[in-house]
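Today I am opening a new structure and noting down what I look up, one entry at a time. Come and read along.

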Amino acid sequence: EPVKIRFTLDWKLQGLHAWYYWAQEKGYFKAENLDVTIDQGEGSAATVTRIMSGVYDAGFGDINAVIQNAAVRPAETPVMVYMIYSKAPFALLTKADSPVKSVKDLAGTKLGAPAGGAAFKLLPLLAKANGLEYGSIAITQVAPNLQEQMLLQGQVNSIAVFSATSYMNLVALKLDPDKDFRWIFYSDAGIDLYSNGIMVSRKLANDSPEAVKGLLRAINRSIRETVENPDAAIALLAAKEPLINKDIEKRRLIYVYKSLIDTPEARQLGLGDISDARLDTAINLISEAFELPKKPAPAQVFDRAFLPPKADRVPPQVGP
Amino acid sequence: MNEDAPTFVQLEDVRLTYGRGERMVEALGTTNLKIGQGDFVALVGPSGCGKSTILKLVTGLIPASVGYVFVAGREVGAEPVRVGMAFQNPTLLPWLTIRQNVMLPLKIVPPFRQQYRAKKKTEFRDRAEALLAQVGLSGFGDKFPWQLSGGMLQRASLCRALIHDPQLLMLDEPFGALDQFTREELWAILQDLWLTRRPTVLLVTHDLKEAGYLANRVCVMRARPGRIVEDCHVDFARPRTIEMTYEPGFVSLTQRLRGLIVSARSPAAVEASA
Amino acid sequence: MNEDAPTFVQLEDVRLTYGRGERMVEALGTTNLKIGQGDFVALVGPSGCGKSTILKLVTGLIPASVGYVFVAGREVGAEPVRVGMAFQNPTLLPWLTIRQNVMLPLKIVPPFRQQYRAKKKTEFRDRAEALLAQVGLSGFGDKFPWQLSGGMLQRASLCRALIHDPQLLMLDEPFGALDQFTREELWAILQDLWLTRRPTVLLVTHDLKEAGYLANRVCVMRARPGRIVEDCHVDFARPRTIEMTYEPGFVSLTQRLRGLIVSARSPAAVEASA
Amino acid sequence: MSYALRRRLSSTAVIIGFFVLWEAACVIFHIKEIVLPRPSQVLATLWLQAPAIWPHTVQTLYTTLIGFALGIVSGVLLGVVIGSSRLAYDTGYPLLIGFSSIPKVAVVPIFVLWFGAGTVPAVLTAMIMSLFPIVVNVATGLATTEPELEDVMKALRATKLDILFNVGLPRAMPYFFASLKVSVTLAFVGTVIAETVASNRGIGNLMMIASSSFDVPLVFAGLLVLALLGVGLYAIFSLIEGRVIGWARRKDDYAMG
Amino acid sequence: MSYALRRRLSSTAVIIGFFVLWEAACVIFHIKEIVLPRPSQVLATLWLQAPAIWPHTVQTLYTTLIGFALGIVSGVLLGVVIGSSRLAYDTGYPLLIGFSSIPKVAVVPIFVLWFGAGTVPAVLTAMIMSLFPIVVNVATGLATTEPELEDVMKALRATKLDILFNVGLPRAMPYFFASLKVSVTLAFVGTVIAETVASNRGIGNLMMIASSSFDVPLVFAGLLVLALLGVGLYAIFSLIEGRVIGWARRKDDYAMG
Ligand SMILES: Nc1ncnc2c1ncn2[C@@H]1O[C@H](COP(=O)(O)OP(=O)(O)OP(=O)(O)O)[C@@H](O)[C@H]1O
Ligand SMILES: Nc1ncnc2c1ncn2[C@@H]1O[C@H](COP(=O)(O)OP(=O)(O)OP(=O)(O)O)[C@@H](O)[C@H]1O
Ligand SMILES: [Mg+2]
Ligand SMILES: [Mg+2]
């Protein structure tokens, strides 16, 4: 009989979630003898907590949250099995005409950051890596959904954002995110991290490794198919939730794929895999930023044993 | 007694129905009543005949369904007359002490109102205490209403009706819960007050002796729909005494009133005489 | 009348103080009272002397501060006795109609309680209507309490005290707000009821004629702290009539009671006689 | 009849006036759609997207009604306990106040960790949010019941339960209905908060989806739906209230003489 | 005295018992810290981090008190208007109910865009959240005032304002104090919600930071602080309530004979 898997997303329904629903609707999960239910999420870090609590078996969430938890509660922490965003979406966003051109220019300006978010937590490291006195930045803490508007209103000079979210917010505001704004990615300023991917509970990984493999096979296949057929993928999503804005979600899907998934590293290692050296650096950075009591081993965080063969994981070309 | 005094209270073809539609109840049939200034009128009649209703009409608590109520020559409510009322239920405000309850009219009614802040701890307080002492409640000023017995509450309520020296005094069975002796003492006090201050008084009572002792006129009502069927003048000399109530003249008055009420109770009999 | 009847109600060295600490009030001094089964006792005394307090003690509404109250041989509250009480204020429940208010005891008191659901629309309803008709309130069953006059409320409250055929009947000035005739009618009804059903009755009243007409014993109380100072037996034949109240024997009884109350009102005089 | 009609007309006029004012303010002060959309935009969105909004509305209403019903039952029970027992009063109140001072957004994730995302956390949140006002008002209503009314029952040797059902609760009804007005709004808030955190459907979910594509008029359409649902339930309670506690409001009737 | 002491002791015992039970449940059912930390952990965190938590506490308390005070004033005013005017009742209630059914999380961003991040949006949120229960209860209290009591004033030709101040408001006090208990908790919730959206200080901010580093005991320490603040304010109101509406609760006194 099929293995039951409760799967949690990182956020509400968006274009970049298309492949999960694709796999479900096309019956790929069923073909792997899996019974998957997909729930929307409350943040990529909460995915980790949800799986830890035992209510969920797998999900799409943040590897940095896995690192944080693995340091304290290694036995309960889920393990990442398929990296999707091989580049972290953390970025600083300012208006194109702003004097803030690099991290160094933040000195003496006002920065809006979501309280507690990783983009905020990494700021001291970012400052240090760029030789800037952290105390010289005037930080205002704002909820993520307010950041762009406060930037536009001039209440802050720059904001620390999730590029995938902010980019599309600006599009929705009928602004040109590429021309009117300047993006400073953390990864380009010395803070190179991984980000969201598929993680499963220890229990699932230990008890039903075949199920995990099947899950990844289905998702991997769906990623390729959705990226090649974005219109069909978004239409499938819209059938599920008619309220989404199809244009925006399609753009979001493509933007995320191009900027965060289809990276040089992914072309080299294949989708889903990572470089152990980079992960080690990331673990060091996170441990420092969050003052972790000890550094977890990379093997505690990521397990490539369930990945489909590399030939199946070649990043596809974006379809029409 | 004083037939030529100017009319102070006048009910002109007043009718009163409670409720609406099917639930409508005619409490008061067409009623006319004139009370001269400084007069003392008693209202007697069977239970539920509309005595309290008349008092509420004169005080302006309910509007007449038909007809007009005039007080001091103006339509009721508009006139600048100090009214004191003792309700059938001694509705003291439960969050105030007895003294505060008694002083309430001084807080509301001009001209006392203006001086209330200045005098509430001295003159007005003494005034309330003096009145309470007169009705036998000295020492109870600081109690709350629920700490008093039924009769004590009624006396406190009487004090509240009197404290602001009203020009129009409405008393709805003010002595109903009192024993005969307390009652007789209060009769004397009320008569004194009336003789010295001359307010216009409308008194509802079931005690014919009380009506005869206190009033200049006794109006007898019949029931359902209520109507005044008889208006007796009481001409005994003032001040009256308890001894007087045993005199034959007085006894025959109460006998006559009794007879009137008996016939008022059987509506058919009245219909013929009306 | 029936001196050897078993004691039904007994107050044994009862004292009652309200409140605590400085605000303490001694409402009832040491009081002893025995009432035989099926007896009819009236309590008279000045306002605030503790009559209502005694009724509440016997009904178990307040616990004695000192001493014991026994009803039917057991401490009050524990005994399986049907009690009917008419309070000094006709505290009808404002969210129920008059009929529902009157039927309330049937809903609560066994054995009626068990049959309430089955009979509330037939037998019990008729019973309530019959009782209401007896006190002159037929047609008012569907009204709410605030739609009735003071005297009507009092009569409804009396019906509520009687409907469940109580073995112990406590009446706190049940006729205070009624005119003399209605009152006399109700006296006759109450006497009939007593003669046929023989409940034990404790009646508080200010009307000495009422006490003499209805009761077998009249207890006179003095005030502050309240105490029973005299216990008069009334031996007129039953059924008594209104005419009887004009007979010399009766008049001299009420005169004697008057005298007792007069002396009870001046505590010093009583202290000597007690 | 004509009086009732006039009353209804004038109150409708004032309510429409409120929306007209809002529209005018947006136009006059050039308030951006993204800050506060005009009511006409909101209504247009509501109309155009109605078929897509409908299932979310049904979900939220369904969840809220269940949570609210549970809230009423447990609220009345707790209120009775707190209103009649000294010990429950002394301990129940601080615990409840403490618990209610906590924003439920912080509690919903815990429910999700126990029960998973979906209807259960939303029902629970609606229930615990709507519970407290009911507890407080029922307890206050019971505690302020006139002892004279209880004496009527005590004289009949009524049991505590008899007294509760025949005096305590009827006396507390005006309090209870007052608390329902507050509670029903809190039940909606609770459901929606839970839906924004953890649900695949419902107005809360709709608003999150709408706000992630910056569709502010759609967010406001969601808010408008909530407001309408709240008012609708209020109207129903109002009708019941009018029947049940007419005795406490007789003033109105009286004034018409 | 000994009675009061016993009462206090037994209620303290029950409250402590509640926490002991919680601790025991966590241990027995092996509840993970990340789902529900043990109270001992929370207390330890509270104790160790006290200096860091303190400024947040002060900020939240300060904001809440201002917002709550404004909420009381405007709530009573609105309650009086709705309780005494038919038109205000017919229009004010639906508008208020509609507005209250909207989760305030959705409204705070608008305040932030208007007034900037910081104390102002938090004060406003606390105010509008605490306002509604007060409005409803004051209005109900006024509407259910016994006409007999008003007649006492009307017979004295008292003005409407006289009646309001001498009968209406005193009569509505039990209702008012009941609503304060609900409102004070809502004021805290409002402040904290606004702080989580946009603020650099306050318990809401603290909890956001704590939860992002998965410091669940610190999140719960924040919740515990909120609960304690709520209970503290409740205790103060309780004292005032005891003095002001003793007349409505005389039952208690009476039962001791
Ligand atoms: N608010 C009301 N609504 C409906 N009917 C009422 C109302 N108030 C009084 N009534 C009716 O009006 C009639 C007269 O009532 P009213 O109180 O004037 O009588 P009353 O003469 O004072 O009687 P009592 O001597 O018993 O006090 C009664 O039949 C009563 O039922
Ligand atoms: N709840 C209470 N708290 C404090 N004192 C009270 C309370 N109830 C009654 N008293 C006091 O007890 C005394 C006796 O009261 P009670 O009601 O028994 O008098 P009563 O004989 O019935 O008088 P009345 O004929 O006026 O009804 C009064 O002095 C009263 O002030
Ligand atoms: Mg009357
Ligand atoms: Mg009494």
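Predicted model: local features only at pLDDT ≥ 70, side-chain atom pairs only at ≥ 80, totals over all residues.

**Entry 1: ligand 1.** I looked up which residues come nearest to ligand 1, and among the 21 around it they are B:Lys51, B:Ser52, B:Thr53, B:Arg224 and C:Ser149. Here a residue counts as near if one of its heavy atoms lies within 4 Å. Ligand 1 sits between chains B and C.

Residues are numbered from 1 along each chain as its sequence is written, chains are lettered from A and ligands numbered from 1 in the order in which they are written, and side-chain values use heavy atoms, with hydrogens and water left out.

Next I checked backbone atoms. A backbone N or O atom of B:Lys51 is 2.7 Å from an oxygen atom of ligand 1, and C:Gly151 also has a backbone N or O atom 2.7 Å from a ligand 1 oxygen. On its own, ligand 1 has 630 Å² of accessible area (Shrake-Rupley method, 1.4 Å probe), and the protein covers 96% of that.

**Entry 2: ligand 2.** Which chains surround ligand 2? I found residues from chains B and C there, so the site is shared between chains. The nearest of its 21 residues are B:Ser149, C:Lys51, C:Ser52, C:Thr53 and C:Arg224. I noted a polar side-chain atom of B:Ser149 at 2.6 Å from an oxygen atom of ligand 2. A backbone N or O atom of B:Gln147 is 2.8 Å from an oxygen atom of this ligand. Taken alone, ligand 2 exposes 640 Å², and the protein buries 95% of it.

I also looked up helices (DSSP runs of H or I, at least four residues, numbered from the N terminus). Helix H5 (150-162) of chain B and helix H1 (51-59) of chain C each give at least two residues to the shell around ligand 2.

**Entry 3: chains D and E.** I turned to the contact (heavy atoms within 4.5 Å), which takes 68 residues from chain D and 68 residues from chain E. About 6,300 Å² is buried between chain D and chain E, with carbon and sulfur atoms giving 69%; buried area is the accessible area (1.4 Å probe) that two parts lose on being put together, summed over both.

How many salt bridges cross the interface of chain D and chain E? I counted two, by the rule of a Lys or Arg side-chain nitrogen within 4 Å of a carboxyl oxygen of Asp or Glu. One salt bridge joins the side chains of D:Arg7 and E:Asp90, at 2.9 Å from N to O.

Key:
Polar contact = N/O pair within 3.5 Å; in protein donor to acceptor, adjacent residues only side chain to side chain.
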